Each structure stands twice: as C-alpha cells, then as structure tokens.
Amino acid sequence: MSELYRYFKQQKQLHGDTLYIDEEVLHRAALAAQGLTEVSGAVTETWKTAGSLSELDAMIRECMNCALGESRNNVVFGVGNPAADIVIIGEAPGAEEDKKGEPFVGRAGQLLNKILEAVQLKREDVFICNILKCRPPGNRDPLASEVEQCEPYLHKQLALLQPKIILALGRIAAQTLLRTNASLTTLRASVHTYQGIPLMVTYHPAALLRNPNWKRPTWEDVQKFRALYDNIRAQDGS
Ligand code: SF4
C-alpha cells in the first residue's frame, strides 16, 4: 500500500487538480503507508491486528519506521517453526541475511545449526529472529531509536509464538533485550526474563568463528539451556 500512496502522490504532482482521486482512497493509502489502518473511525497500527506470524511478516515487509528501511535490501522477519517452544534471538541481520531475507545464514548459521544439534535440536524445532529486522549499515550496533521502533515487532512475534524459553545470542542482543550494561560473562551466569519468558544468554556464533576458544563455554551454556527447557516442559507436562 505504501507503493500505492507513493504512486498517488507522484500522479498528483504530475497532474495537479486535473487528476481526481477520491479523498477517502487517498486517506486510506496515506494511513497504510504509515502502517496504520482505520476501523470504525479508530486508527490503529495494522500489524498489531496480525493473527499469525505469516500475516505479521507480510504487514511489516514495507516498514519504514526507522532509517534502516532506506538502506536495507530485505526485512529479515525470522524463520522457523511457528509452533516452536524455543525462540533464538540475535541483534540484527548481517550482509548475507539482508541479501537473502533470512536470519543466521552463511557460516554463522551453519555453526548455529551445530550448536543446536549438540543439544538434540534441529533448526525446524525453533524460531530464529533478530531484535532489528533490518541491517544496520556496516553491521554497526543497533541505535536506541532503532530498537525503540523495531522491538514492538519482536514483542508481537513472541505473543504469537508463546514460546517456553528464549536463547539470546551475543552481548549486544542480551544487553539490549535486558536493558543492562552487564558483561556477557555476568549475563551468561543466570536465567533472566523477557516479556515474562525465561531467557538465557550465550555467545553469538559469529563471535565463535572469530574466537574458537569460546566454543567450550557456549557448549556448557547450551547444555544448561537444554536442561532448563526440559525442566520447564516436565513442569507443565508437555
Ligand atoms: S529496522 Fe524495524 S523499524 Fe526499522 S525499518 Fe526495519 S522493520 Fe521497520
């Protein structure tokens, strides 16, 4: 719809008042361009009404709520099992992810698969996404304003998924989600809560590629993560 709004605006500039566009149609296209919709006179953010992950994905694909919308190739919504108990969250897409529209592809993605296999999990068992859905240029850290704009989409994803547990990958993801400056070492040492869901922290696979010495502590983290997950399932009888 934002395409439609841009088209209307362009046509108005070209043809001025000789072009008649129904005000109601223009109004609705303008709202849609901002990701808004109007139901019975009340304006709401369209994506908040999504009833499934695929619907939400389609609704935010043209998002321009922060400047990253200008430079991205693709919104990287996330992939995986829509009925997953486990959600894995990184900070933001990298260059490969931006190109393919999928999180954790390339070497870091392959390593993530191996980490999951170490605790008898497959990629199809989990849902994988990032805090930011668009790539920050040069892979810089997310800005607070970008997180503020984009994190509500993550909240909505979690509301739709209703996972039992979250694994945050890397210092930036963990610090951003938990609103803390604590070190990764400190954050790995305990179980946290995000949006009411238990959350554990480990290294980002891209960091492990740079520093293989961190593979051992990562292995230990995911063993603890698996044990907590099994414990939660045992408690709720699933
Ligand atoms: S990063 Fe998030 S808020 Fe910013 S344009 Fe992309 S989807 Fe929209």
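Me: How many residues of the shell around the ligand are nonpolar, polar and charged by class?

Reply: In this predicted model, local features need pLDDT of at least 70, side-chain atom pairs count only at pLDDT 80 or more, and totals for chains, interfaces and linings use all residues. Residues are numbered from 1 along each chain as its sequence is written. Ala, Val, Leu, Ile, Met, Phe, Trp, Tyr, Cys and Pro count as nonpolar, Asp, Glu, Lys and Arg as charged, and the others, Gly among them, as polar. Here the shell holds nine nonpolar, three polar and two charged residues.

Me: Which residues are closest to the ligand?

Reply: A residue is near a molecule if its C-beta atom, placed from the backbone, lies within 6 Å of it. In this structure 14 residues surround the ligand, and the closest are C63, C66, G69, C134 and C150.

Me: Which helix gives the largest share of that shell?

Reply: Helices (H or I, at least four residues) and strands (E, at least two) are DSSP runs, numbered from the N terminus. The protein has 11 helices and eight strands. Helix 7 contributes the largest share of the shell, three residues. Helix 4 (68–71) and helix 7 (144–161) each supply at least two.

Me: Which residues of helix 3 are buried, and where do they lie on the helix?

Reply: A residue is buried if 20 or more other C-beta atoms lie within 10 Å of its own, exposed if 12 or fewer, and partly exposed in between, with C-beta atoms placed from the backbone. In helix 3 (residues 53–60), the buried residues are L53, L56 and I60. Viewed down the helix axis, they fall within an arc of 60° (taken from the directions from the axis to the C-beta atoms), so they line one face of helix 3.

Me: In what order do the strands of the open sheet stand?

Reply: Strands of a sheet pair through backbone hydrogen bonds, either parallel or antiparallel. Two strands count as paired if DSSP finds at least two bridges between them. The open sheet here has six strands in the order 3-5-4-6-8-7, with mixed pairing. Strand 3 (79–80) and strand 7 (192–194) stand at the edges with a single partner strand each, so one side of each is left without a neighbour in the sheet.

Me: How many bridges join strand 7 to strand 8?

Reply: Three bridges join strand 7 to strand 8 (residues 197–202), and the two run antiparallel. T193 has P198 in strand 8 as its bridge partner.
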